[in-house]
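Please keep the sequence and the structure in view while reading.

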Amino acid sequence: MEAEVVRAELVLPTHLSFKRIQMYEKYPKGQSRARHWKHLKQILQAENFHNYPPDQPNYVNIESPPSLHPCKRICDITGFEAPYYDPRTNLRYANADVFKLVRSLPNEYVQRYLALRNAAVVLK
Amino acid sequence: MPFISQIERQTDYNLFPSSTPIVIDNGASYFRIGWAGESEPRIIFRNIVQRPRHKATGETVSIVGDHDPALLKYFDCTRSGPRSAFDNNVVYQFEIMEYILDFAFDRLGANGSQIDHPVLITECACNPVQSRSKMAELLFETYGVPSVAFGVDAAFSYIYNQRLGVCDKDGLALCPGFTTTHVIPFVDGEPVYKGCCRTNIGGYHVTDYLKQLLSLKYPHHMARFSWEKVEDLKTEHCYIAPDYSIEARLFQRGTKEAEDKTRVWQLPWTPPPTEVLPSEEEIARKAATKERLGQRLRDMAEAKRSNTGYASKQEIESAMVKVAQSLRKAKGEPKGEQADIEEKTDSSTSEKYSLINIPDNMLTPEQLKEKRRQVFLKTTTEGRQRAKQKRFEEELEQERKNQLEEERRLENPELYLEQMRAKYKELCEKVEQRKRLKTNGGHSNGNNFPGGVGRGERLNAAQRERMRLLTTAAFDRGKGEDSFGAKDEDWQLYKLMSKDNDDDDEGPDQDEAELARISSRLQEIDRTFVPKTDLGASQPASEVPRSRPLTREDFQIVLGIERFRCPEILFHPNLVGIDQAGLDEMAGVSMRRLLSKDEDLEKRLTRSILMTGGCCLFPGMKERLEAGIRMIRPCGAPIKVVRALNPVLDAWHGAAAYAANSQFQEQTFSRMDYYEKGEDWLRTYQVRYTL
């Protein structure tokens with residue numbers, strides 16, 4: 001290791017006196033390749049919240065309901081209010097100039113703009 | 001506000017008795033650790049881990065938090081980006097959490113055989129029990145912590161501000177954090193989770209949105225928009241508009257006010273060296289060289305010409321005859337002798353076709369046969385002659401036209417040239433248009449991504465029409481009564497359907513021939529004329545001057561509407577496709593969920609609304625929230641929104657004050673409790689915030 005790296009103590013030491021079980025004891029072959037943690041979705045599934053009374057607050061049921069306000073439609077490119085939408089690309093646009101731009105956009109960019117509001121075509 | 005990184009190793013760890021709790025605010029963006037009862041956390045760093053490979057030795061190392069980026073040049077970070085232990089606001093990767101805790105305790109100065117202090121650590125509201133138990137397990141098993149307490153960051157912040165008189169015992173805590181936004185109602189100083197609500201949007205989404213928008217707007221400078229830089233831009237320039245549509249309209253009209261609100265980030269740019277105009281003598285020198293080269297070429301051509309000379313007069317004459325003959329042949333005229341013969345035959349037509357004018361019934365069968373042959377011969381020769389005549393006339397006509405044109409040209413050369421050019425252009429466009437139509441009917445709208453859209457795009461107009469006819473014929477039959485064939489026109493359908501009706505080539509051929517003629521003519525009389533070579537290659541090249549020199553403006557990042565468009569997603573999460581209530585609406589949802597039926601309580605709640613969490617730092621947040629909540633509350637209801645003293649650090653402050661309380665010990669649980677009481681107990685475990 002370079003001297004300045006050591007001086008800055010950039011790297012976490014592998015042995016720490018205050019630990020009962022060191023990292024290298026937990027994972028003797030280095031970091032395990034296999035996934036041994038659950039994603040939040042799996043954690044929530046395993047919690048079986050539907051077995052508990054619904055009035056008892058839990059991680060799932062404290063989530064906010066969908067908004068009751070009218071959905072705001074803004075131009076995907078400029079951010080102005082968008083009265084129109086282009087049926088070919090599904091992008092919303094504010095005026096004719098933006099429309100010209102929309103039609104000249106390559107598909108990749110169209111999809112990226114759509115992905116911003118989670119409306120892109122996802123291939124599975 | 002750049003990233004805070006306060007990671008100096010502490011030396012006074014051993015001065016604290018083992019009863020002093022360690023307080024950790026484990027936020028999704030920042031990790032803060034310090035001692036109970038102190039006023040500031042000791043260590044603050046970003047809650048991320050990188051595991052790059054050291055370039056020299058090749059070993060994989062762990063780097064926690066932010067460090068001097070200059071030092072990272074020794075590491076190969078290409079294969080591992082910064083990783084967080086959080087999914088949403090729940091800790092799920094405890095391996096990463098362990099690295100982070102290692103680093104934190106190490107920097108706090110821990111050097112004993114275990115961490116012999118109670119630990120108070122924050123978690124999200126209604127943390128799933130799996131995450132909570134894993135965290136407890138990690139602290140107990142790996143670090144040997146004697147006892148642990150979990151609390152909610154927003155609650156600690158509220159309590160802290162309540163102690164300092166910023167808000168009341170009853171109130172709402174609005175906490176727009178890094179990955180999620182919470183609203184938690186407080187009654188008598190205790191959080192009521194029944195009325196709590198969470199929207200999965202936060203500062204992370206704002207930064208991400210800004211980053212995406214900028215890199216879509218400036219694809220050439222994409223590399224500039226690192227996460228850290230965009231986060232800086234966000235904290236420095238973003239604000240919350242009092243009303244989004246009004247503010248957006250300001251920008252749309254391009255008013256002075258909007259101009260004042262636009263920020264420009266100038267990227268480093270050095271103007272290209274200006275070209276020095278060539279001096280007089282250099283120009284002269286170049287001209288001389290050119291002249292010399294031209295002279296040489298001319299000389300060479302001259303030499304070539306004189307080399308092919310003839311030796312004698314006879315030779316020249318014979319050559320001339322040969323050339324004339326071949327010329328005539330090329331023109332399609334019959335050879336001289338043949339012409340003579342034909343002339344002769346012409347005169348003797350009457351003898352040759354002797355039988356034609358004699359009626360059939362006066363002839364013998366042999367003669368009849370002969371007569372038929374003669375008739376046939378006569379018609380063919382006559383036809384040939386007619387064609388020849390026609391060709392000759394056409395040539396004459398062409399000659400006349402050329403003459404006329406030449407005259408017109410001589411009359412007024414400029415006008416003529418102008419007309420010629422206009423005609424050329426018109427024809428060019430016509431031909432191009434036709435070609436485009438032929439290759440792709442829907443092409444003309446300029447949206448030409450290759451193979452992007454459905455089947456219709458790939459066929460030309462005629463083919464598409466045929467396809468349509470076929471499908472209607474295939475599927476529409478049998479619907480209602482079948483009247484096909486009742487009219488004669490119906491049968492035209494089959495003709496339209498058949499494949500050979502789309503060779504409509506005569507039109508373009510004519511045009512193209514005319515175009516070729518004009519372009520050759522133009523080439524003759526106009527030296528500056530350059531014919532367009534690739535017709536139909538679409539895109540008139542005049543629009544995009546690609547080789548325009550780059551200017552200062554090309555290296556400017558303009559932050560206009562983005563300044564308030566990005567934070568707007570906190571109030572309208574569906575702008576980024578998250579279908580949940582926004583911040584102001586959440587306050588209403590929270591009160592609805594509380595089901596208090598107690599108007600007094602509701603009034604008390606709205607009279608003390610505390611904003612805490614990093615996203616409260618946006619200017620204009622308070623005014624917008626007040627306006628938004630006023631809209632959903634009954635008229636005249638008291639509304640007061642206050643910002644926490646320090647929206648970012650108050651959770652830790654509150655937790656530190658809380659842990660310093662003498663009764664804190666009762667709120668913790670030990671390793672024994674954890675194993676004896678089991679998971680169900682841990683699920684319902686909750687600290688009392690009012691001690």
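E2(B) and E3(B) run antiparallel and are joined by 4 bridges; strands here are DSSP runs of type E with at least two residues, helices are DSSP runs of type H or I with at least four, and both are numbered from the N terminus. Phe31(B) has Phe45(B) as its bridge partner in E3(B). Strand E1 (residues 22-26) of chain B is also antiparallel to strand E2 (residues 30-35) of chain B, with 5 bridges between them. A hairpin of 3 residues leads from E1(B) to E2(B), and Asn26(B) has Phe31(B) as its bridge partner in E2(B).

Because 6 of the 6 residues of E2(B) are buried, E2(B) is largely enclosed by the rest of the structure. A residue is buried if 20 or more other C-beta atoms lie within 10 Å of its own, exposed if 12 or fewer do, and partly exposed in between, with C-beta atoms placed from the backbone. Tyr30(B), Arg32(B) and Gly34(B) point to one side of E2(B), while Phe31(B), Ile33(B) and Trp35(B) point the other way.

## Basis of the model

The model is predicted: local features need pLDDT of at least 70 and side-chain atom pairs count only at pLDDT 80 or more, whereas totals for chains, interfaces and linings use all residues. Residues are numbered from 1 along each chain as its sequence is written, and chains are lettered from A and ligands numbered from 1 in the order in which they are written.

## The sheet and its helix

The open sheet has 6 strands in the order E3-E2-E1-E10-E11-E20 (chain B), with mixed pairing; two strands pair if DSSP finds at least two bridges between them. Strand E3 (43-46) and strand E20 (669-670) of chain B are at the edges with a single partner strand each, so one side of each has no neighbour in the sheet. Helix H21 (residues 650-659) of chain B packs on the sheet and touches E1, E2, strand E10 (119-123) and strand E11 (147-152) of chain B. The direction of H21(B) makes about 155 degrees with that of E1(B).

Residues are in contact if their C-beta atoms, placed from the backbone, lie within 7 Å. Axes are lines fitted to C-alpha atoms, for helices over the stretch in contact, and angles run from 0 to 180 degrees between N-to-C directions.

## Arg53 of chain B

Arg53(B) lies in strand E5 (residues 53-54) of chain B. Arg53(B) counts as partly exposed because it has 15 C-beta neighbours inside 10 Å. Leaving out residues up to four places away in sequence, Arg53(B) touches Gly58(B), Thr60(B), Phe75(B) and Asp76(B). Phe75(B) is 22 residues from Arg53(B) along the chain, and their C-alpha atoms are separated by 5.6 Å.

## Helices H1 and H2 of chain B

Helix H1 (residues 94-108) of chain B and helix H2 (residues 129-143) of chain B have axes that come within 11 Å and cross at roughly 50 degrees. H1(B) and H2(B) are therefore oblique to each other; angles under 35 degrees count as roughly parallel, over 145 as roughly antiparallel, 65 to 115 as roughly perpendicular and the rest as oblique. On the H1(B) side the contact is made by Phe94(B), Met97(B), Glu98(B), Leu101(B) and Phe105(B), and on the H2(B) side by Lys134(B), Leu138(B), Thr142(B) and Tyr143(B). These residues divide into 6 nonpolar, 1 polar and 2 charged. Ala, Val, Leu, Ile, Met, Phe, Trp, Tyr, Cys and Pro count as nonpolar, Asp, Glu, Lys and Arg as charged, and the others, Gly among them, as polar.

Chain A has 5 helices and 2 strands, in the pattern α-α-α-β-β-α-α along the sequence. Of its 124 residues, 23% count as buried.

The contact between the chains takes 54 residues from chain A and 68 residues from chain B. Elements of chain B that give two or more residues to this side include H1, H2 and helix H4 (203-217). By class, the chain B side has 31 nonpolar, 27 polar and 10 charged residues.

Helix H5 (residues 107-116) of chain A packs against H4(B) at an angle of about 160 degrees, with the axes 11 Å apart. H5(A) and H4(B) are therefore roughly antiparallel to each other. Tyr109(A), Arg112(A), Tyr113(A) and Leu116(A) of H5(A) meet Tyr209(B), Gln212(B) and Leu216(B) of H4(B).

Methods: Two residues are in contact if their C-beta atoms, placed from the backbone, lie within 7 Å.
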